[in-house]
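Please read them with the structure open.

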Amino acid sequence: MFCALLITSAAGAAPAAASPDRNAFALSSNAFVDGGVIPKVHECTSGGGQDPAKKNESPPLAWSGAPAAAKSYAIVMRDLDNANLIHWVIYDIPVATASLPQNVDHVYRPSVPAGARQIYYRGSASLYGYQGPCSPSTVNTYEFVVHALNRTSLTGLNSSSSTQTAARAITAASVGSARISGES
């Protein structure tokens, strides 16, 4: 009888061991589902054509379940089908922040979230911040990764840092990450 109680208790404990997955670090957007199509409003305006639906607005992003060690956040967006080309780096996002609105300002220090900084994009456009999907003849996959960082500020980065330098600094300080991808 005692063995039966132990087995029953152990079996009952198994679901509790899986419960941390329910609170795993997760990234989402109310603009598109993971693996879905990124709306045109988030596509670049520098790729040619005059489609008025394309506005180069960053998508809204939200995250939850970040590691307790997080002191700030950073987001890196890459074109996975174009040699992992980095389209967006925003960092020094305060730890109390759990989302970004649509259309973060295209400036080094955006107004929202206060304290955040963005890297200058040097590519088909030259601007601070988000450069949307720019694949006029193919469908590419774009990945957004939010990193929980072990420091409040990446003081080694500044307004002239490259996207690659920023991505390396973010990876080095990352204590966890979550991702979402979309096609455009």
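The points below go from the basis of the model to its sheet, helix packing and surface.

1. This is a predicted model, in which local features need pLDDT of at least 70 and side-chain atom pairs count only at pLDDT 80 or more, while totals for chains, interfaces and linings use all residues. Residues are numbered from 1 along each chain as its sequence is written, and side-chain values use heavy atoms, without hydrogens and water.

2. The protein chain has two helices and eleven strands. Both are DSSP runs numbered from the N terminus: helices are H or I with at least four residues, strands E with at least two. Starting at the N terminus, the order is α-β-β-β-β-β-β-β-β-β-β-α-β.

3. Six strands make an open, mixed sheet ordered E2-E11-E10-E4-E5-E7. Its edge strands, E2 (36-37) and E7 (117-118), each pair on one side only; pairing requires at least two DSSP bridges between two strands.

4. Within this sheet, E4 (residues 72-79) and E5 (residues 85-94) run antiparallel and are joined by seven bridges. Arg 78 has Ile 86 in E5 as its bridge partner.

5. Helix H2 (residues 163-173) lies across E4, E5, E10 (141-149) and E11 (174-183), at about 50 degrees to E5. Axes are lines fitted to C-alpha atoms, for helices over the stretch in contact, with angles from 0 to 180 degrees between N-to-C directions.

6. Of the 184 residues in the protein chain, 41% are buried, meaning under 20% relative accessible area with a 1.4 Å probe, protein chains only. Among contacts (heavy atoms within 4.5 Å) with a separation of 6 or more, 69% join residues 24 or more positions apart.

Definitions and conventions. Buried < 20%, exposed > 50% of the residue type's maximum accessible area, 1.4 Å probe, protein only.
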